[in-house]
Amino acid sequence: MAAAEYDVIILGGGPGGYVAAIRARQLGLRTALVEREQLGGICLNWGCIPTKALLRTAEINDLLHHLDAHGFSADNVRVDFAKVVARSRAVAKRLSAGVRHLMRKNTVDVIDGHGRLLGGGRIVVEKAGTVVGESAAAHVIVATGARARGLPGIEPDGALIWTYKEALVPERLPQSLLIIGAGAIGIEFASFYRDMGSEVTVVEALPRILPAEDEEISAAARKTFEKRGIRIHTKATVQSVEKGRDDVTAVVDLGGGVLSPVTVERVILAVGITGNVEGIGLEATRAEVEQGHIVVNEWLATGEPGLYAIGDVVGPPWLAHKASHEAVVCVEHLAGVSGVRPLEPTNIPACTYCRPQVASVGLTEAAARANGREVRVGRFPYQANGKAIALGETEGLVKTVFDGSTGALLGAHLIGPDATELIHGFVIAKTLETTEAELMHCIFPHPTLSEVIGESTLDAFGRALHI
Ligand SMILES: Cc1cc2nc3c(=O)[nH]c(=O)nc-3n(C[C@H](O)[C@H](O)[C@H](O)COP(=O)(O)OP(=O)(O)OC[C@H]3O[C@@H](n4cnc5c(N)ncnc54)[C@H](O)[C@@H]3O)c2cc1C
């Protein structure tokens with residue numbers, strides 16, 4: 001093998017790849033990052049960030065429709081949809097440019113093009129099918145991410161049947177939408193478009209929306225979305241779609257052979273994602289691929305010596321913070337940093353930024369019970385929290401799950417205002433292996449939404465103060 005020019009080469013500049021590059025440089029490793037599109041990956045350009053910009057607009061829109069409750073009146077408030085989308089794109093662009101700055105600051109060599117593994121630590125970079133360079137490294141990290149999955153017969157066409165990409169940059173607000181899939185991505189789009197005024201129907205094959213969340217939280221979410229006029233069909237599948245000139249008629253199987261046609265302007269396909277494992281030369285290595293994802297061990301190493309994989313390409317949960325954390329674990333381990341710990345899956349928070357927000361960490365009540373544990377469950381409604389009442393946002397619930405014998409915090413599940421910010425209190429507690437005793441010693445500032453954390457903990461042990 002030719003002498004390695006780099007210690008580490010990373011394929012893909014998303015939150016997995018670019019974080020790996022920064023950490024590698026911090027550890028003094030000679031590092032190159034190959035990116036074929038935009039730095040920041042799906043997360044900054046087509047995922048986490050632009051959706052949150054849109055959802056902020058939806059939140060403002062909702063507030064504008066409830067000004068009266070706060071003593072305001074306003075006439076002629078109108079929305080310029082093109083500006084809404086332009087703002088979201090500007091936010092994404094700014095963050096992607098921020099990553100380029102970080103690469104310069106950390107003296108990472110950024111190579112523009114599509115990287116492909118040649119085996120033995122060598123990679124080739126191509127642009128528009130033409131080879132533009134070759135490099136070698138002692139360690140190669142694949143961080144090529146993932147893309148939207150299609151459904152047989154319901155392939156995205158970019159015009160009438162959208163993936164998240166088209167859903168982020170609509171030319172105008174569709175009057176009606178069918179969203180297939182009620183995971184975080186589908187539900188965030190349902191919430192955004194409904195708030196902006198579209199008629200929204202959601203079809204989910206599983207028995208409940210946000211199926212990875214605690215059952216009680218998904219039931220609460222369904223109730224509030226239906227109250228807002230979102231039509232939800234669970235245990236239902238889309239049998240077929242027929243495209244018109246500017247609309248789509250879908251036949252929804254509601255179960256038990258009941259077929260219901262629905263005609264909408266646009267369809268959003270949000271049925272999950274699949275890893276970008278093709279065309280990257282994996283066949284030149286001993287790395288294995290299972291169900292569209294690269295198989296790795298706890299240190300993110302593949303079956304090929306010196307080859308690692310991180311982020312969405314190694315499978316669920318498909319989350320940016322999981323990708324970034326894997327990046328740090330992977331780079332520190334390959335660099336021989338002492339005390340590195342593998343990522344603990346039950347400490348990865350999951351957030352859905354719909355209205356009201358949903359967030360969780362750790363085991364659901366059902367999973368904790370299925371483990372054969374004696375569990376204690378606490379609940380606290382936002383409507384008993386002073387700050388929530390002052391804000392005028394009382395819808396929601398926090399639910400905590402503890403080990404009944406040791407008091408260890410096993411999981412926390414929230415639906416309500418700022419749930420995606422509050423969850424980090426539980427993430428810290430859980431990562432530090434906290435028990436109910438320590439949580440009960442914590443003093444939560446009053447009046448804040450964070451008091452729901454303390455109260456829900458107290459409730460699990462029959463000591464809630466405000467219910
Ligand atoms: C609509 C939407 C909303 C989301 N919201 C959230 C959220 O709120 N919170 C959250 O945590 N997660 C969210 N996600 C998921 C999040 O975007 C991903 O988990 C995250 O981007 C994964 O990071 P990654 O680095 O593994 O891959 P990616 O971000 O996909 O980056 C991979 C990069 O690799 C590049 N690449 C691929 N192949 C090659 C190659 N051969 N050579 C060179 N470059 C290559 C790609 O161009 C891309 O830039 C959302 C996703 C979507 C679609």
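**Notebook: ligand shell and a surface patch**

I began with the backbone of Leu319, where a polar atom lies 3.2 Å from an oxygen atom of the ligand. I note that the model is a predicted one.

I then looked up how far the protein covers the ligand. The ligand taken alone exposes 1,000 Å², and 95% of that is buried by the protein.

I examined two further backbone contacts. At Pro15, a backbone N or O atom is 3.3 Å from an oxygen atom of the ligand. At Arg36, a polar backbone atom lies 3.3 Å from a nitrogen atom of the ligand.

Next I listed the surroundings of the ligand. I recorded 36 residues around the ligand, with Gly16, Glu35, Lys52, Asp312 and Ala320 as the closest. By class, the shell comprises 16 nonpolar, 15 polar and five charged residues.

Helix 2 gives the largest share, with four residues.

Finally I turned to the surface. I found a nonpolar patch formed by Ile60, Leu64 and Val77, whose accessible area together is about 230 Å². Val77 sits in the loop between helix 3 and helix 4 (81-105). I classed Val77 as partly exposed because its relative accessibility is 48%, which falls between the limits of 20% for buried and 50% for exposed.

Conventions: Residues numbered from 1 in each chain as written. Predicted model: local features only at pLDDT ≥ 70, side-chain atom pairs only at ≥ 80, totals over all residues. Heavy atoms only, no water. Near = heavy atom within 4 Å. Polar contact = N/O pair within 3.5 Å; in protein donor to acceptor, adjacent residues only side chain to side chain. Areas by Shrake-Rupley, 256 points an atom, 1.4 Å probe, with all protein chains shown as cover. Helix = DSSP H or I, 4+ residues; strand = E, 2+ residues; numbered from the N terminus. Nonpolar A, V, L, I, M, F, W, Y, C, P; charged D, E, K, R; others polar. Patch = residues over 30% accessible without salt bridge, like charges linked within 9 Å, V, L, I, M, F, W, Y side chains within 5 Å. Salt bridge = Lys/Arg side-chain N within 4 Å of Asp/Glu carboxyl O. Buried < 20%, exposed > 50% of the residue type's maximum accessible area, 1.4 Å probe, protein only.
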